[in-house]
Amino acid sequence: MTIERIVLAVAGGFILISLLLAHFISPYWLWFTAFVGANLFQSAFTGFCPLALILKKLGKQSGPAFP
């Protein structure tokens, strides 16, 4: 898996988990959903993504997300 696909998978997983937590535990978990969405939005314009930096240092390869 490339860095881009891992980032998409992790972000999608975080959103689904936070929605489940908001439904079953507390609606305050929706703030985490908003944080993930805001981070995805800003990274689309700035190119800065902390997870991508970590994955690059771990030796993962970058590639096209949607060939």
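1. A word on terms before we start: a residue is called buried when its relative accessible area is under 20%, exposed when it is over 50%, and partly exposed in between, using a 1.4 Å probe and protein chains only. With that in hand, Thr33, Val36 and Ser43 are the buried residues of helix 2. Seen down the axis of helix 2, these residues fall within an arc of 95 degrees, so they line one face of the helix. The arc is taken from the directions that run from the helix axis to the C-beta atoms.

2. Please keep in mind that this is a predicted model, in which local features need pLDDT of at least 70, side-chain atom pairs count only at pLDDT 80 or more, and totals for chains, interfaces and linings use all residues. Residues are numbered from 1 along each chain as its sequence is written, and side-chain values use heavy atoms, with hydrogens and water left out.

3. On confidence: pLDDT is the predictor's confidence in each residue, on a scale from 0 to 100. The protein averages 94, and 99% of the residues score at least 70. Confidence is lowest in helix 3, at a mean of 94, and highest in helix 1, at 96.

4. Now the overall fold. The protein has three helices and zero strands, giving the pattern α-α-α along the sequence. Helices (H or I, at least four residues) and strands (E, at least two) are DSSP runs, numbered from the N terminus. The C-alpha atoms fill a box of roughly 35 × 25 × 20 Å along the principal axes.

5. How much of the protein is buried? Of its 67 residues, 22% count as buried.

6. Contact here means heavy atoms within 4.5 Å. Among the contacts with a separation of 6 or more, 64% involve residues 24 or more positions apart.

7. Helix 1 covers residues 3–24, and its 22 residues reach 31 Å from first C-alpha to last, close to the 32 Å expected at 1.5 Å a residue. The expected span is 1.5 Å times one less than the number of residues. Buried in helix 1 are Ile3, Ile6, Val7, Ala11, Ser18 and Ala22. They cover an arc of only 130 degrees around the axis, which puts them on the same side of helix 1. The other side carries the exposed residues Leu16, Leu20, His23 and Phe24. As for partners, the buried residues of helix 1 pack against helix 2 (30–46) and helix 3 (50–57).

8. What does serine 18 touch, leaving aside its neighbours within four places in sequence? Its contacts are Trp29, Phe32 and Thr33, and at 1% relative accessibility serine 18 counts as buried. Isoleucine 3 is also buried, at 6% relative accessibility. Not counting residues up to four places away in sequence, isoleucine 3 touches Ala52, Leu55, Lys56, Lys60, Gln61 and Ser62. The C-alpha atoms of isoleucine 3 and leucine 51 are separated by 8.7 Å, although the two residues are 48 apart along the chain.

9. Back to helix 2: its 17 residues should span 24 Å at 1.5 Å a residue, and its end C-alpha atoms are 24 Å apart, which agrees. Helix 1 is included in what covers the buried residues of helix 2. Turned away from that buried side are the exposed residues Trp31, Phe35, Phe41, Phe45 and Thr46. Phenylalanine 45 counts as exposed at 64% relative accessibility; its C-alpha lies 19 Å from that of threonine 33, 12 residues away in sequence. Just after helix 2, glycine 47 takes a positive phi of about 80 degrees.

10. Finally, the record. UniProt places "domain: Inner membrane protein YgaP-like transmembrane" at residues 2–56, in an unreviewed entry. That span is 84% helix and 0% strand, with end C-alpha atoms 10 Å apart. UniProt also lists residues 7–25 and 31–55 as "transmembrane region", again from an unreviewed entry. In the model, residues 7–25 are 95% helix with ends 26 Å apart, C-alpha to C-alpha, while residues 31–55 are 88% helix with end C-alpha atoms 25 Å apart. UniProt positions follow the numbering used here, feature names are shortened, and annotations may be inferred rather than shown by experiment.
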